[in-house]
Amino acid sequence: MENLHLTDHLALVAPISPLAADLYALIAADRVNLSRWLPWANTMHEVAFLTYAQGQIAAHQLWLAIITVNGKPAGMIDLHDKKDGHADVGYWLGRPYRGHGYISQSLQALEKLAFNDWQLNKLQILTVPDNIASQAVAKSNHYHRDARLPKHIPTLAGDYQDAIIFSKLRQDWLTQI
C-alpha cells in the first residue's frame, strides 16, 4: 500500500509494526468505550493484529490503513469482506481525534479507491444501534440506511446485538464527486 496524504496533517499509512505501540496505547486509553462497539478492543494485541493484517492484505482479502494525524497514529480504517463487487468498511478513532472530521476524510479517500480504482459497486457500513457517532459518519457521507438486522453482531458476553446497515452505491458516489 502506498501512503495517502489527505491534508498537511492527515494521512493513511500502511499497517506497520513500529506503529503498534501507539495504536495499542490509543485502544488501552479508551478500551471501555471502544469495546462497546468493537468487541476485539478487549483482547487486541496490535503487533499480532498488524502481522495478521499484512498477510490478509498480501492475499487481497483486506485493505487497511492506519489513520495518522501529524504523523501519530489516530485510528484505523479498512475494507473487508470484499466479494461480488461489494465490501464492508470498518473504522475507529482514538478519543483525542474524534470530532475533527478525520473519519469522513479517510472514508472519502477509501471510497475513491473502492469505486474508482477497484471498480466496486457497493460499500457497506455496519454499526450497532447505540453507536450514534458511527451512524452520523454514514449519514453525513451520504450512505443510505438499508436495514436493521436483528441479533446480527456477536458480543463478548456470547449473545448477539442488532446491527444497522448503511450502503453507498458506485453510481451514487459518481453523482457526488
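Let's start with the aromatic pairs: the structure holds two of them, where a pair means rings of Phe, Tyr and Trp (its six-membered ring) with centres within 6.5 Å, planes under 30 degrees apart counting as stacked, over 60 as edge-to-face and the rest as tilted. One is made by F115 and W173, and this pair is tilted, at 5.5 Å centre to centre with 35 degrees between the planes. F115 sits in helix α4 and W173 in helix α6 (residues 170–176), so the pair ties together parts that are 58 residues apart in sequence. Helices (H or I, at least four residues) and strands (E, at least two) are DSSP runs, numbered from the N terminus. F115 and W173 are both buried, buried being under 20% relative accessible area, exposed over 50% and partly exposed in between (1.4 Å probe, protein chains only).

A word on what you're looking at: this is a predicted model, in which local features need pLDDT of at least 70 and side-chain atom pairs count only at pLDDT 80 or more, while totals for chains, interfaces and linings use all residues. Residues are numbered from 1 along each chain as its sequence is written, and side-chain values use heavy atoms, with hydrogens and water left out.

Now for the nonpolar core, a set of buried Ala, Val, Leu, Ile, Met, Phe, Trp, Tyr and Cys residues joined through side-chain atoms within 4.5 Å. The largest one has 42 residues, and those touching the most other members are W63, I67, I77, L79, V89, L123 and I125. Helix α4 gives the most to this core, with eight residues. In soluble globular proteins, nonpolar side chains tend to be buried together. Take L123: beyond its neighbours within four places in sequence, its contacts (heavy atoms within 4.5 Å) include L79, V89, F115 and also the charged-pair partners E111 and K168.

That brings us to salt bridges, of which there are two; each needs a side-chain nitrogen of Lys or Arg within 4 Å of a carboxyl oxygen of Asp or Glu. In one, K168 meets E111, with the closest N and O atoms 3.2 Å apart. K168 belongs to strand β8 (residues 160–169) and E111 to helix α4 (residues 102–117), so this bridge ties together parts that are 57 residues apart in sequence. Both K168 and E111 are buried. The other bridge joins R148 and D162 at 2.9 Å, N to O. Since R148 lies in strand β7 (residues 144–154) and D162 in strand β8, the pair ties together parts that are 14 residues apart in sequence. R148 counts as partly exposed, at 46% relative accessibility.

Strand β7 also holds D146, which is partly exposed at 36% relative accessible area. Its side chain makes a polar contact with that of S167 at 2.6 Å (a pair of N or O atoms within 3.5 Å; within protein, one must be able to donate a hydrogen and the other to accept it, and residues adjacent in sequence count only if both atoms are side-chain atoms).

Finally, have a look at helix α5. Its buried residues are S134, Q135, V137 and A138, and they fall within an arc of 155 degrees seen down the axis, so they line one face of the helix; the arc is that of the directions from the helix axis to the C-beta atoms. I132, A133 and K139 are exposed on the face turned away from that buried side. The loop between α5 and β7 contains N141, buried at 4%, whose contacts beyond four places in sequence include E111 and K168.
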